[in-house]
Amino acid sequence: MSVVDLIMPKLGESIMEATVLKWSKKVGDKVSRDETVLEIATDKVDSEVPSTAEGILTEILFKENDVVPIGTVIARIETNGNATGQSHTSPTVYDTQSDEVVLQKTAVDEVPIPYVPTGSQPANVPSSGSNKFYSPLVLNIANSEGVSMTELDRIQGTGNEGRVTKKDILQYVTNKKLSPSTEHSSQVTQVSFNQVAPPVPIIEVISEQPSYSNPTGNVEIIEMDRMRKMIAKHMVMSKQTSPHVTSFAEADVTNMVMWREKVKKHFEKTEGTKITFTPMFIACITKVIKRYPYINCSIDGDRIILKKDINIGMATALPSGNLIVPVIRNADHLNLVGLSKAVSNMAENARSNKLKPDDTNGGTFTLTNVGTFGSLMGTPIINQPQVAIMAVGAIKKRPVVIETAEGDAIGIRHMMYLSLSYDHRVVDGSIGASFLTDVAREFENWDINREW
């Protein structure tokens, strides 16, 4: 008999912890290798944690809604044979005391630290007189929510040695928003400076406290779910981070429509998947991205990070009405069949809540199809830390002027509007508009006689 430790897995770049949503098994249950033991949630995606061994679940170390650091032992499985996972008898960085798992080493090196220009200091870096340690994640949340170091020092942490965790700081922020008078009876704070001749006047700083209105009339108040809160925060952060510019173009996609109509039945029969417009759009976009590397980059302070891989995010609507963006990695290396299968699999996994954390990481450019819902065009918000996002509108038949060798004529064509929102810090109007125009031209020049 041996015991295997079930570890909270690494859930993608920059993710340091996850919340236990639901245990699919209970103590005493038999589990098979790769069978789902629990469901977890991160800031990016919900996921399932499979068993790493076959045996009996003998111990569950965390309750539902607990926030658990990655790398922590979350359960133990007793097996009949040699352990294939990590045995709790082998040397590890964990120790158990009173059924509580204490993380002896915190992997703070993996948390991204925001760029701070030379000569400035982040507002919440502990002073030399503070003997408390705060992870970069906690400091980031405190900074974005306007929590001062004095307030942070007063929070009673539930982590190892009283350390303030993400759960603690978020709970404090929630309580502060619900009861703004508890910590701040006045919204006006006076800040004085060292006086030299002539004296410097006192400056009044008005702190913005969120307040809830008292709606009247026939209304229903609905609390945002966890994903909607994350989407809202991400969208506001994107607008605050990037100066958005949006350019528009129009494309005649008649060739695309006619080609798809001609091959769709045979394509599905031979390849086992449907051919939609999305993989066709992605195939054209990846070609053009190679000619405009600044569309496929991110910004780190004063540095531009050009991405050599082209990973296309595909905005996908969920049945709940929320939005998620799974990523097709190295999309430029896939042919139309590969793109079609990738698009189909990602969309299906998103709708059935089967996306893995890595499925939403690493995107370098995002495509959103607002035409699916009948919109002619849209002004999408950049999916940070990317610098551009494209929206494609509904395809409509319209009479347009066609230039021919015999002269101009009016014909019925399938037309579509495209829009590109881009970060004006790195993408100027000339680059953004030229990129969009070239994408429209790729759509129009689709070879109606091509094989897939």
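This is a predicted model: local features need pLDDT of at least 70, side-chain atom pairs count only at pLDDT 80 or more; totals for chains, interfaces and linings use all residues.
Residues are numbered from 1 along each chain as its sequence is written, and side-chain values use heavy atoms, with hydrogens and water left out.

The chain has nine helices and 24 strands; helices (H or I, at least four residues) and strands (E, at least two) are DSSP runs, numbered from the N terminus. Of the 452 residues in the chain, 40% are buried. Here buried means under 20% relative accessible area, exposed over 50%, and partly exposed in between, with a 1.4 Å probe and protein chains only. Among the contacts with a separation of 6 or more, 62% are between residues 24 or more positions apart, a contact being heavy atoms within 4.5 Å.

Strand β8, residues 73–79, is mostly covered, with six of its seven residues buried. Two strands count as paired if DSSP finds at least two bridges between them. Strand β1 (residues 2–7) pairs with β8 in the antiparallel sense over six bridges, and within this pairing Val-3 has Glu-78 as its bridge partner. Strand β6 (residues 55–60) also runs antiparallel to β8, joined to it by four bridges; here the partner of Ile-60 is Ala-75.

An open sheet is formed by four strands in the order β5-β4-β2-β7, with antiparallel pairing. Its edge strands are β5 (46–50) and β7 (67–69), each of which pairs on one side only. Direction ignored, neighbouring strands of this sheet are turned by 45 degrees against each other on average; the axes are lines fitted to C-alpha atoms, for helices over the stretch in contact, and angles run from 0 to 180 degrees between N-to-C directions. Strand β4 (residues 36–41) and β5 run antiparallel and are joined by five bridges, and the bridge partner of Thr-36 in β5 is Pro-50.

Ser-51 lies in the loop between β5 and β6. With 1% relative accessibility, Ser-51 counts as buried. Its side chain reaches the backbone oxygen of Ala-53 at 2.4 Å. Leaving aside neighbours within four places in sequence, Ser-51 is in contact with residues including Leu-6, Asp-34, Val-37 and Ile-77. Asp-34 itself lies in the loop between β3 (30–31) and β4 and is exposed, with a relative accessible area of 58%. Phi of Asp-34 is near 75 degrees, a positive value in a residue other than glycine. Asn-65, in the loop between β6 and β7, also has a positive phi, of about 80 degrees, although it is not a glycine. The relative accessible area of Asn-65 is 52%, and the residue is therefore exposed.

How many aromatic pairs does a search of the whole structure find? It finds six. Rings of Phe, Tyr and Trp (its six-membered ring) pair if their centres lie within 6.5 Å; planes under 30 degrees apart count as stacked, over 60 as edge-to-face and the rest as tilted. The rings of Trp-259 and Trp-446 form an edge-to-face pair because their planes stand at 65 degrees, with centres 5.4 Å apart. This pair links distant parts of the chain, 187 residues apart: Trp-259 is in helix α6 (residues 254–271) and Trp-446 in the segment after α9 (429–444). Both Trp-259 and Trp-446 are buried. The rings of Tyr-292 and Phe-435, with centres 5.7 Å apart, have their planes at 85 degrees and so are edge-to-face. Tyr-292 lies in the loop between α7 (277–289) and β15 (297–300), and Phe-435 in helix α9, 143 residues apart; both are buried. Ring pairs also link Phe-277, Phe-281 and Phe-443 into a cluster.

A cis peptide bond, with omega about 5 degrees, joins Gln-384 and Pro-385, and Pro-385 is found in the loop between β21 (365–369) and β22 (388–392).

Technical notes
A polar contact is a pair of N or O atoms within 3.5 Å; within protein, one must be able to donate a hydrogen and the other to accept it, and residues adjacent in sequence count only if both atoms are side-chain atoms.
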